[in-house]
Amino acid sequence: MKPGVRALGVAESYRGDRDRGQTESTLAGAVVRADRVCDGLAYAACRVGGTDGTDAVIGLLEDLDRPDIRYVLLGAIAPAWYNILDLSRIREAVGRPVIAVTFEASDGLETGLRDAFSGPDLEARLATYRALPERRELSVNDETVYVRQVGLEADEAAAIVREFIPEGGRPEPIRVARQAARAADSYARSLE
């Protein structure tokens, strides 16, 4: 991969408490080149327990207005307490391949969704969740990540994920986005 190839990493920070009235989670988007240079940041929010996460991710790309971004790397599929992301809709809206990279083994989200929601809220989330591409295990630098992709083949997605992980097991665009989201949350809390 050429050093100037760019990916948008998207990650969440939520340091609040739903029971105390915090209703939004911070999303950060970090544009990072394959040579690990960050050259853009954007922020959005999505509702905790909502269904607006997909629109928030699409909004990040629209706000950045960066046609040089080649890939979208998501650090979660269910940020903000089960605000399930629709990878296919993101792909269609932004015209770029989407790769979700998660970092823990899991039996899936259906049990948690059933515990947290019911009726139409549950059914909408289950439909979005069940439409996601299958999650695959990928070994990188002696660590394991889990990958779902839309808009490219599994082998290409694996190569891209590996290319953006200089060490450890977290792709650099997602790592930088996570730090940016946490910093934004920390700053916002300092203003309270």
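Trainee: What volume does the largest cavity have?

Mentor: This is a predicted model, in which local features need pLDDT of at least 70, side-chain atom pairs count only at pLDDT 80 or more, and totals for chains, interfaces and linings use all residues. Residues are numbered from 1 along each chain as its sequence is written, and side-chain values use heavy atoms, without hydrogens and water. A cavity is a set of points on a 1 Å grid over the protein atoms alone where a 1.4 Å probe fits but cannot get out, and its volume is the space filled by probe spheres set on the points, joined across faces, edges and corners. The largest cavity has a volume of about 40 Å³.

Trainee: Which strand gives the most to the lining of the largest cavity?

Mentor: Lining residues have an atom within 4 Å of a point; among them are V10, L27, L74 and L85. Strands are DSSP runs (E, at least two residues), numbered from the N terminus. With three residues, the leading contributor is strand β1 (residues 6-13).

Trainee: Which residues have the most contacts inside the largest nonpolar core?

Mentor: A nonpolar core joins buried (under 20% relative accessible area, 1.4 Å probe, protein chains only) Ala, Val, Leu, Ile, Met, Phe, Trp, Tyr and Cys residues through side-chain atoms within 4.5 Å. The largest such core has 33 residues. Those with the most contacts inside it are L74, L87, I90 and L113.

Trainee: How many residues does the second, separate core have?

Mentor: This core includes V32, V145, I165 and A177. Its number of residues is 24.

Methods. On a 1 Å grid over the protein atoms alone, a cavity is a set of points where a 1.4 Å probe fits but cannot get out, and a pocket is an open set with protein on both sides within 12 Å along at least five of seven lines; lining residues have an atom within 4 Å of a point. Helices (H or I, at least four residues) and strands (E, at least two) are DSSP runs, numbered from the N terminus. Buried means under 20% relative accessible area, exposed over 50%, partly exposed in between (1.4 Å probe, protein chains only).
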